[in-house]
Amino acid sequence: MSVEKINMPQLGESVTEGTINTWLVAVGDKVNKYDPIAEVMTDKVNAEVPSSFTGVIKEFIAEEGETVEVGQLICYIETEDSALSSEPTSNERNTNAQEKIDNDTNNEDKDKSMKKRYSPAVLRLAQENEIDLTMIEGTGRGGRITRKDVEKFINEGTTTTLQTEQKEDSSKTSRTVNVESGSSASTVVSETGDKEIPVRGVRKVIADNMVRSKQEIPHAWMQVEVDVTDLMKYRNSIKNKFKSDEGYSLTPFAFFIKAVSQALREFPELNSAWAEDKIIQKKDINLSIAVAKENELFVPVIKHADEKTIKAVARDIYELANKARTGKLTSEDMQGGTFTVNNTGTFGSVSSMGVINYPQAAILQVESIIRKPVIIDDMFAARDMVNLSLSLDHRILDGLVCGRFLARVKEILEGMNATTISLY
């Protein structure tokens with residue numbers, strides 16, 4: 001028998017870490033090679049980690065809720081050796097016994113050294129809460145400190161503080177959190193009846209990603225108003241027949257995706273990514289779209305959107321949304337996005353500023369289509385109007401090129417009607 005390591009795999013382009021959401025096996029379980037052993041969550045996708053070997057799960061190194069870097073050890077598995085050794089002689093047994101003693105001593109020394117090997121998640125949590133890790137007794141392998149050990153230490157320490165506070169003010173319950181603002185610190189205290197919601201799972205990943213985007217990307221914002229009356233008139237006239245023939249809906253969003261992808265071909269500067277010492281202008285136009293499932297948000301990708309018909313785009317939107325709702329999105333579905341188009345109009349929004357999907361250069365919010373009076377030739381007319389709100393990375397883009405891009409998207413959309421639109 002031999003013990004092998006299973007490490008955190010690369011689960012997507014530019015993914016550097018993942019959070020163990022759920023272990024799908026237990027210690028002692030027999031698994032086959034490629035069987036799923038854990039569900040892992042990244043900022044791009046939820047995915048299952050397959051076993052690299054056939055054998056028996058020996059020990060978990062990463063716990064549920066712990067964030068692990070790509071390539072870092074997550075568990076041990078015991079496998080059968082391909083060749084069986086012969087029965088050892090008495091001399092070999094004596095030698096082996098001595099080796100076992102030596103190994104036990106070495107392992108004890110190694111276990112002691114493990115105590116000071118901290119995962120990135122543990123270090124980050126300790127730094128955020130100004131905790132001295134030498135004060136914590138680890139429960140992991142070899143006394144290693146796990147994320148849960150740190151969280152327990154925080155909760156126990158806070159509980160002690162609160163017990164003192166409660167003597168002074170019985171109306172204040174639950175825990176105290178320090179929130180830094182500039183150079184000063186304020187205290188947030190939950191009152192009686194308040195509900196505390198732990199930040200973990202998908203919400204934690206979203207929070208970390210949004211903080212990184214806002215901290216690293218200098219955001220700028222601009223907006224245009226577009227008249228889509230003719231487009232909506234055409235779409236409404238054929239939507240029922242389209243759904244009957246194709247089996248899925250022809251949403252207005254499909255027309256916006258098509259217009260944006262066409263404009264990106266003409267203004268490739270917006271189809272770029274920041275890479276520290278250079279800007280990478282992407283050849284392919286792969287549009288990320290936001291899809292919600294209860295409290296979870298996914299950003300699957302429509303690949304080569306500029307090469308697809310409106311019908312094909314509508315089908316991709318339908319299939320990706322259905323995959324998200326049924327938990328069937330794959331890492332491949334989430335990879336390769338070069339520009340994000342967010343359908344905020346679904347929620348009734350009329351004006352918003354999106355946070356850029358790092359490391360892309362921009363994100364476009366398609367707001368609600370509102371029918372309202374507009375002056376045309378000095379006369380009021382009822383028109384279908386929509387705002388397009390663009391957030392841009394000011395390191396990569398400036399207002400001039402983005403203004404021209406938005407003007408082109410507006411021109412394409414306002415030119416869509418029963419005569420010009422081709423679904424196929």
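User: What should I keep in mind about the kind of model and the numbering before reading any values?

Analyst: This is a predicted model, in which local features need pLDDT of at least 70 and side-chain atom pairs count only at pLDDT 80 or more, whereas totals for chains, interfaces and linings use all residues. Residues are numbered from 1 along each chain as its sequence is written, and side-chain values use heavy atoms, with hydrogens and water left out.

User: In what order do the four strands of the open sheet stand?

Analyst: Helices (H or I, at least four residues) and strands (E, at least two) are DSSP runs numbered from the N terminus, and two strands pair if DSSP finds at least two bridges between them. Here the four strands form an open sheet in the order 1-8-6-3, with antiparallel pairing. Strand 1 (2–7) and strand 3 (30–31) are at the edges with a single partner strand each, so one side of each has no neighbour in the sheet. Within this sheet, strand 6 (residues 55–60) and strand 8 (residues 73–79) are joined by four bridges in the antiparallel sense, and glutamate 59 has tyrosine 76 of strand 8 as its bridge partner.

User: How many bridges join strand 20 to strand 21, and what lies between the two strands?

Analyst: Strand 20 (residues 370–376) and strand 21 (residues 379–393) run antiparallel and are joined by seven bridges, with isoleucine 376 opposite methionine 379. The two strands form a hairpin with two residues between them, and aspartate 377 in the turn has a positive phi of about 50°. Valine 374, which lies in strand 20, is 11 residues from methionine 385 in sequence and 8.9 Å from it in space, C-alpha to C-alpha. Contact means heavy atoms within 4.5 Å, and, not counting residues up to four places away in sequence, valine 374 touches Met379, Phe380, Ala381, Arg383 and Met385.

User: At what angle do helix 6 and helix 9 pack, and which residues make the contact?

Analyst: Axes are lines fitted to C-alpha atoms, for helices over the stretch in contact, and angles run from 0 to 180 degrees between N-to-C directions. Helix 6 (residues 252–266) and helix 9 (residues 399–414) pack at an angle of about 135°, with axes 9 Å apart. The contact involves residues of helix 6 including Phe255, Ala259 and Leu264, and residues of helix 9 including Phe405, Val409 and Ile412. By class (Ala, Val, Leu, Ile, Met, Phe, Trp, Tyr, Cys and Pro count as nonpolar, Asp, Glu, Lys and Arg as charged, and the others, Gly among them, as polar), this contact of helix 6 with helix 9 has 10 nonpolar, one polar and two charged residues.

User: What are the angle and the class make-up where helix 6 packs on helix 7?

Analyst: Helix 6 and helix 7 pack at an angle of about 120°, with their axes 9 Å apart. Phe253, Ala254, Phe255, Ile257 and Lys258 of helix 6 meet Ile310, Val313, Ala314 and Ile317 of helix 7, and the contact has eight nonpolar, no polar and one charged residues.

User: Where is aspartate 306, and which side chain does its own side chain make a polar contact with?

Analyst: A polar contact is a pair of N or O atoms within 3.5 Å; within protein, one must be able to donate a hydrogen and the other to accept it, and residues adjacent in sequence count only if both atoms are side-chain atoms. Aspartate 306 sits in the loop between strand 17 (301–302) and helix 7 (310–325), and its side chain makes a polar contact with the side chain of arginine 265 (2.5 Å). Leaving aside neighbours within four places in sequence, aspartate 306 is in contact with Lys258, Ser261, Arg265 and Ile285. Histidine 304 is found in the loop between strand 17 and helix 7, and has a positive phi of about 50° although it is not a glycine.
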